[in-house]
Amino acid sequence: MHITALAGGVGGARFLRGLRRHLDQRDDGPHELTIVGNTGDDISLFGLRVCPDLDTLLYTLGGGVHEGQGWGRADESFAVQDELQAYGATPQWFRLGDRDFGTHVARSQWLAQGQTLSQVTARLAARWGLPDQGVRLLPMTDVPVETHVVIERDGQEQAIHFQEWWVRHQAAIPARRFVVAGLDRAAAAPGVLDALRSADVVLLPPSNPVVSIGVILGVPGVRDALRGTTAPVVGVSPIIGGAPVRGHADACLAVLDLEPSAAAVAGLYADFLDGWLVDDADADDPLPRGSRATSAHMPILMRDIDHAAKIAGGALDLALGLAR
Ligand code: GDP
Ligand code: CA
């Protein structure tokens, strides 16, 4: 079976690590998993290209992630960042660890040599053993794109990088809208559209529906590929009982004038969604009115890897039960 998934950072990575474990437990393998990662969070810091969501996927699936945080490396130290701070180099609100710096230096060197982000990501993924797990990690596009947040300052509109809004300001400054710079001229990276069209199942993990999945859906051709694929498209709600579990997905939905609810998120995917897995807490109101999707419910808080594997199994069973 070939499964293709769209993914942001922590929510996507934890779900997909669970899916990988679930696939290992099934006896109908081998299975192939293609992950299309969000690159709208990418940012250049200290002359280095940083891809937060791709790195979270690499570290989580590769066994090197800081479990408590859900992102960054385990056993991290901060000597390089401290040296940069001593020089007054900015920004200091985005902390990068020493091990993590290694990833950004390698990526930036290879990009400077003329390799595409797809090629660079494949090299990084090889180090983390993803191909050996049957996992292919693709950036959504090789064209640099960056999500910006339009805020109001001193009566004027101003755009700041998504990371500055999210990390430095903790999404607490009211946002007027998101603008993904470069997205309109971005082309899907090699293999992305084909992986959506030729998949047996397409899964949307519980990633941020606006700035992770929403940005991937904005890559020209992706939405059409999802509408046109013969594979069932099944998503897992990132909202449980009206709350985003972790992070500020509610602040992102508010920018679109949407309530933080499982049904509102399903509404964002209405034109291609076949199945929607929600928490037991949302069993009475899983979908927006008029939705043609089929819903199912179970506890979908990813407490540990085993439970994430159960949730992934639930999403896959829902998909396999839907023919289209
Ligand atoms: P990010 O790029 O690191 O913000 O990660 P993602 O975009 O992949 O996912 C972030 C979202 O995942 C959060 O805003 C939550 O809504 C959702 N999420 C995180 N943990 C869980 C969980 O255990 N269960 C569910 N259902 N959703 C979760
Ligand atoms: Ca992210």
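A word on conventions: residues are numbered from 1 along each chain as its sequence is written, and chains are lettered from A and ligands numbered from 1 in the order in which they are written. Because the model is predicted, local features need pLDDT of at least 70 and side-chain atom pairs count only at pLDDT 80 or more, while totals for chains, interfaces and linings use all residues, and side-chain values use heavy atoms, with hydrogens and water left out.

Let me begin with the sheet, which is open and has seven strands in the order β5-β2-β1-β9-β10-β11-β12, paired in parallel; strands are DSSP runs of E of at least two residues, helices runs of H or I of at least four, numbered from the N terminus, and two strands pair if DSSP finds at least two bridges between them. β5 (135–139) and β12 (294–297) stand at the edges with a single partner strand each, so one side of each has no neighbour in the sheet.

Asp 41 sits in the loop between β2 (32–37) and β3 (43–45), whereas Asp 53 belongs to helix α2 (residues 52–62), 12 residues apart.

Both Asp 41 and Asp 53 are buried, that is, under 20% relative accessible area, with exposed meaning over 50% and partly exposed in between (1.4 Å probe, protein chains only).

Finally, Gln 81 in helix α3 (residues 79–86) is buried, at a relative accessible area of 0%.
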